[in-house]
Amino acid sequence: MPRVGIVTDSVASIPQSLRETLDIRWAPYYIHQGAVVLRDLVTAHGDAFYKWLSKASELPKTANPSAGDYLELYRGLIAEGVREIVSIHITSKGSGAYQAALVARQMLLEAMPDLRIEVIDTLNVSMCQGWMVIEAARASAAGRSCAEIVALVRGMMPVARMIQTADTLKYLYMGGRIGKATHLVGSLLNIKPLIGMEAGVIVPLGTARSRRAAYEKMAQMVEAAVGAKGKIRVAYMHAATREEAEKLKALFESRLTCVESIVAELSPALGVHSGPGTAGVCYVPVTEANGGD
């Protein structure tokens, strides 16, 4: 059992195999599908959910895990002998998960003041958050201290970047997660909007005439950020469109130095807001500080 426990949310969209291998504890989001309440990645799964979503007349509601959900995870780790926990969460500007985790932390510390629980607002989402969690879990397994793990995550926060595109932004708009990209909602059908996240909110990054052109722009943006030979860890994200993620993978790995790459599906709780057909990348430059040579 790692000395420092690592906790996160389902919306980090970390593939199950990695969550299990790295012993990452996670709390599922809730999805209110009419009168039915689903749990993200537990009773709501990719293809079936996205097939339903594409035909839904009304957007389902999502809710972050409660303080009680995080308290249960923390207590489970404590029961295993863990006394230090790093809890890593989606941007607080788009969800209440961070605040819920803070409440759970306070409840535990009042009863067990000798514990150390660090709750981090990543100001990011999806596998940008996921990469921070993965590297934190690897650092824990390697015996790094709680302070070192927190510093590692905070060092990744300013440089982790998401770029994605979709055929429509109506899902982000309907769900109130459109941020500063409102003006792109009315784009013509043959225009592919590119969006990212800055300081915890969605921002517009431009438009392209086709998916192929959008993917080319993504590669150019990353090259401009890290250099033509810059090393990155990259996740190719998709919502029920793995073939598009594979196209991105082929393009990026012919142009950039991808020291680690993952194809991952957006969790349904995120897909509610991005919509089926979304594809993009979440990447982190690799440096000496976060595992580079």
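A residue is called buried when its relative accessible area is under 20%, exposed when that value is over 50%, and partly exposed in between. Leucine 41 is therefore partly exposed, as its relative accessible area is 25%. This residue belongs to the loop between strand E4 (36–39) and helix H2 (46–55). The structure described in this report is a predicted model.

## Two loop residues with positive phi

Leucine 41 is not a glycine, yet its phi is positive, at about 65 degrees. Serine 13 also has a positive phi, near 60 degrees, and is likewise a residue other than glycine. Serine 13 is located in the loop between E1 and helix H1 (16–21). With a relative accessibility of 4%, serine 13 counts as buried.

## The parallel sheet

Four strands form an open sheet in the order E2-E1-E6-E7, and their pairing is parallel. E2 and strand E7 (116–121) stand at the edges with a single partner strand each, so one side of each has no neighbour in the sheet. On average, neighbouring strands of this sheet are turned by 20 degrees against each other, direction ignored.

Strand E6 (residues 84–89) runs parallel to E7, and 6 bridges join the two. Within this pairing, histidine 89 has aspartate 121 of E7 as its bridge partner.

Two helices lie across strands of the sheet. Helix H3 (residues 67–79) lies across strand E1 (4–9), E2, E6 and E7, and its direction is at about 160 degrees to E1. Helix H6 (residues 146–156) lies across E1, E6 and E7, and runs at about 0 degrees to E7.

## Residues within the sheet

Arginine 25 is placed in strand E2 (residues 25–27). Its relative accessibility is 18%, so arginine 25 counts as buried, the limit for this class being under 20%. Arginine 25 is 20 residues from glycine 5 in sequence, and the C-alpha atoms of the two are 7.9 Å apart in space.

Serine 87 is part of strand E6. Serine 87 is buried, with a relative accessible area of 0%. Apart from neighbours within four places in sequence, its contacts are Val7, Tyr74, Ala101, Glu118, Val119 and Ile120.

## The antiparallel pairings of strand E8

Strand E8 (residues 161–165) has 4 of its 5 residues buried, so the strand is largely enclosed by the rest of the structure. E8 is joined to strand E13 (residues 279–285) by 5 bridges, and the two run antiparallel. Here arginine 161 has tyrosine 283 of E13 as its bridge partner. E8 is also joined to strand E9 (residues 192–198), by 3 bridges and again in antiparallel fashion. Isoleucine 163 is paired through a bridge with glycine 196 of E9.

In soluble globular proteins, nonpolar side chains tend to be buried together. In this model, the largest nonpolar core holds 73 residues, of which Ile6, Tyr70, Tyr74, Val86 and Met127 touch the most other members. Helix H5 (residues 126–141) gives the most to this core, contributing 9 residues. A second, separate core has 22 residues, including Ile163, Ala214, Leu248 and Tyr283.

Isoleucine 6 touches residues from several parts of the sequence when those up to four places away are not counted; among them are Asp23, Ile24, Arg25, Val86, Val133 and Ile149.

## Cysteine 128

Which cysteine has the closest sulfur to that of cysteine 128? The closest cysteine sulfur is in cysteine 282, at 3.7 Å, which is too far for a bond. The reasoning rests on a cut-off, because a disulfide requires two cysteine sulfur atoms within 2.5 Å. By this rule, the count of disulfides is 0. Cysteine 128 is itself buried, with a relative accessible area of 0%.

Methods: Residues are numbered from 1 along each chain as its sequence is written. This is a predicted model: local features need pLDDT of at least 70, side-chain atom pairs count only at pLDDT 80 or more; totals for chains, interfaces and linings use all residues. Side-chain values use heavy atoms; hydrogens and water are left out. Buried means under 20% relative accessible area, exposed over 50%, partly exposed in between (1.4 Å probe, protein chains only). Two strands pair if DSSP finds at least two bridges between them. Axes are lines fitted to C-alpha atoms, for helices over the stretch in contact, and angles run from 0 to 180 degrees between N-to-C directions. Contact means heavy atoms within 4.5 Å. A nonpolar core is a set of buried Ala, Val, Leu, Ile, Met, Phe, Trp, Tyr and Cys residues joined through side-chain atoms within 4.5 Å.
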